[in-house]
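Please keep the sequence and the model in view while reading.

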Amino acid sequence: ILMSFKNVTDFKHADITLELDSSNVNVPELANFTLPKGKTIPINKTVAKFGNTSLKCSFAGTLSEFDASVDAVSGLGTLFANLGTVVDNDGRMHLEGSVASPNLNLAKLTGKSKILNSSDVFVSFDGDMASSTLDAENFQTLEAHLDGDIQYIDLYGYRLRNTSINGEYKDRLYNGTIVSHDPNVDCDILAQVDLTDKLPAIQGNISLDHFNASNVAKKMHNVDSATAKGFDKLLYAVKQNPNLSFSFDNFMIAMRGNNLENLNGYAGCDNIVIRSNDDSLSNDRLRITAINSGNDHKFILSSGIANATVETSYPITEVKNTLQAFAHIYFPTLVHDAPKHTLNALADNKDGFLKAHLTTYRTYNITRLLMPNVFIAPNCNVDLAISDDHAMDKLDAEIPFFGIRNKMFIYDFELIEMEEAQETAGFLDVYFLIFYMAVLLSLQMPKR
């Protein structure tokens with residue numbers, strides 16, 4: 001270690017030179033190091049993940065104007081960082097620096113090993129702050145510009161290459177762009193994130209010129225169809241279409257909120273094109289709108305394929321359990337169990353409701369493309385309404401045609417409105433039990 005101090009009587013303006021040529025540090029153990037007056041060094045969980053680290057660093061200048069660099073090799077990979085500051089005549093601090101890691105272990109850093117693995121990242125930045133002190137209050141005045149190149153980043157097992165980012169930050173407003181020229185993903189993302197209010201807001205646009213979903217899915221992890229949930233279900237469906245690709249002109253989003261309970265705004269895209277082998281699907285529009293106020297939640301889907309609306313006063317996290325509980329009430333033979341806490345809540349609360357509506361339009365191309373064994377006719381209408389007091393419960397369905405695997409076909413299916421829960425529950429239970437058995441039998445019959 002080489003170290004020198006000048007003008008030490010005025011520490012804020014002391015001239016410091018530090019050269020640490022080689023050092024091994026166990027980062028988590030720094031929290032056990034005691035400073036004067038019994039203070040310790042705070043180490044957050046993310047920094048602690050660096051573990052045993054080999055360091056080489058330098059510092060030259062004062063606490064306001066300096067040049068510093070750090071080279072680190074740890075369990076998270078290799079990191080090169082530098083930062084320089086200059087104070088202008090008006091007392092504003094100008095910062096300029098960069099961070100690079102050719103092998104950053106994102107799986108260990110984030111704990112999301114299924115989603116992220118490693119990356120090769122270089123980011124440069126410059127900015128200004130209102131005064132010459134490096135403290136939390138001054139950082140709130142930061143105005144900064146960022147440019148970055150991501151040579152690669154592993155996402156769900158796929159190595160996304162050739163991505164660039166740049167952004168601006170001022171007054172808790174982030175404006176940024178992400179451009180990808182990966183061989184299988186060609187897209188441009190422009191977005192603004194607003195953190196000035198209690199709830200965050202985002203608005204932006206995405207242009208997707210090309211996305212070869214099949215080539216991307218081939219590189220991702222294998223999926224067990226029996227246990228697949230969420231993203232894995234989508235991934236499994238893509239893997240079953242070996243030549244699937246799609247594109248769209250413009251994806252727009254303007255939303256505020258941090259969960260489905262308080263989300264308001266819309267998202268949508270235009271000129272969607274999906275291709276698989278010789279088949280293709282074109283849909284001119286897709287819009288999703290969220291309207292939430294207090295305990296009332298409404299979501300609207302509009303597209304050339306189908307329109308749908310869901311409106312409820314139940315907590316979004318409880319909608320699935322609520323539907324299961326109502327299915328248990330009407331179809332106890334088919335749905336044996338329901339969450340007890342949900343059933344108790346339904347008994348105690350008389351104001352809850354859920355309404356849903358679905359109308360289909362151009363369904364043939366999308367079912368042929370994504371679900372070739374399913375046939376759903378246009379102009380199908382389904383209405384569902386349930387409430388805690390059962391006064392407005394109903395299920396209406398008008399389906400001109402429905403088919404599965406060329407083995408079972410239903411024409412002009414119509415289910416009349418349910419009016420009295422106790423009177424219709426037994427009938428509906430038997431009706432759907434017979435219907436369910438007929439479906440299973442038809443699917444087991446040999447194809448003629």
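A residue is called buried under 20% relative accessible area, exposed over 50%, and partly exposed in between, with a 1.4 Å probe and protein chains only. By this definition Arg256 is partly exposed, with a relative accessible area of 28%. The model is a predicted one: local features need pLDDT of at least 70, side-chain atom pairs count only at pLDDT 80 or more, and totals for chains, interfaces and linings use all residues. Residues are numbered from 1 along each chain as its sequence is written, and side-chain values use heavy atoms, with hydrogens and water left out.

## Overall composition

The chain contains nine helices and 22 strands. Helices (H or I, at least four residues) and strands (E, at least two) are DSSP runs, numbered from the N terminus. Of the 448 residues, 32% count as buried. The accessible surface comes to about 26900 Å², and 57% of this surface belongs to carbon and sulfur atoms. A contact requires heavy atoms within 4.5 Å. Among contacts between residues at least 6 apart in sequence, 46% join residues at least 24 apart.

## Nonpolar cores

A nonpolar core is a set of buried Ala, Val, Leu, Ile, Met, Phe, Trp, Tyr and Cys residues joined through side-chain atoms within 4.5 Å. The largest such core has 26 residues, of which Ile153, Val185, Phe211 and Val216 touch the most other members. Elements giving two or more residues to this core include the strands β8 (143–155), β9 (158–170), β11 (185–194) and β12 (201–211), as well as the helices α4 (213–219) and α5 (231–239). The strands β13 (244–256) and β14 (264–276) also give two or more residues. A second, separate core of seven residues includes Tyr314, Val319, Phe326 and Leu354.

Which residues does Val185 touch, not counting residues up to four places away in sequence? They are Leu160, Ser180, His210, Phe211 and Val216.

Asp232, Leu235 and Val238 are buried in α5. Because they cover an arc of only 120 degrees around the axis, these residues lie on the same side of α5; the arc is that of the directions from the helix axis to the C-beta atoms. The buried residues of α5 pack against α4 and β13. On the other side of the helix, Lys233 and Leu234 are exposed.

## Strand pairing

Two strands are said to pair if DSSP finds at least two bridges between them. Strand β7 (residues 116–129) pairs with β8 in the antiparallel sense over eleven bridges, and Asp128 stands opposite Glu143 in β8. β8 in turn pairs with β9, again in the antiparallel sense, over twelve bridges. Here Leu146 stands opposite Gly167 in β9. The hairpin of β8 and β9 has two residues between the strands, and Tyr156 takes a positive phi near 50 degrees.

β9 also pairs with strand β10 (residues 173–181), in the antiparallel sense over eight bridges. Ser164 has Val179 in β10 as its bridge partner. In the hairpin of β9 and β10, which likewise has two residues between the strands, Asp171 takes a positive phi near 50 degrees.

## Salt bridges

A salt bridge is a side-chain nitrogen of Lys or Arg within 4 Å of a carboxyl oxygen of Asp or Glu. A search of the whole structure finds five salt bridges, among them the pairs tabulated here.

| Arg159 | Asp154 | 2.8 Å |

Asp197 is partly exposed, with a relative accessible area of 45%. Asp194, Asp197 and Arg256 are linked in a network of salt bridges.

In the remaining tabulated pair, is Asp154 buried or exposed? At 7% relative accessibility, Asp154 counts as buried, whereas Arg159 is partly exposed at 32%.

Conventions. Areas by Shrake-Rupley, 256 points an atom, 1.4 Å probe, with all protein chains shown as cover.
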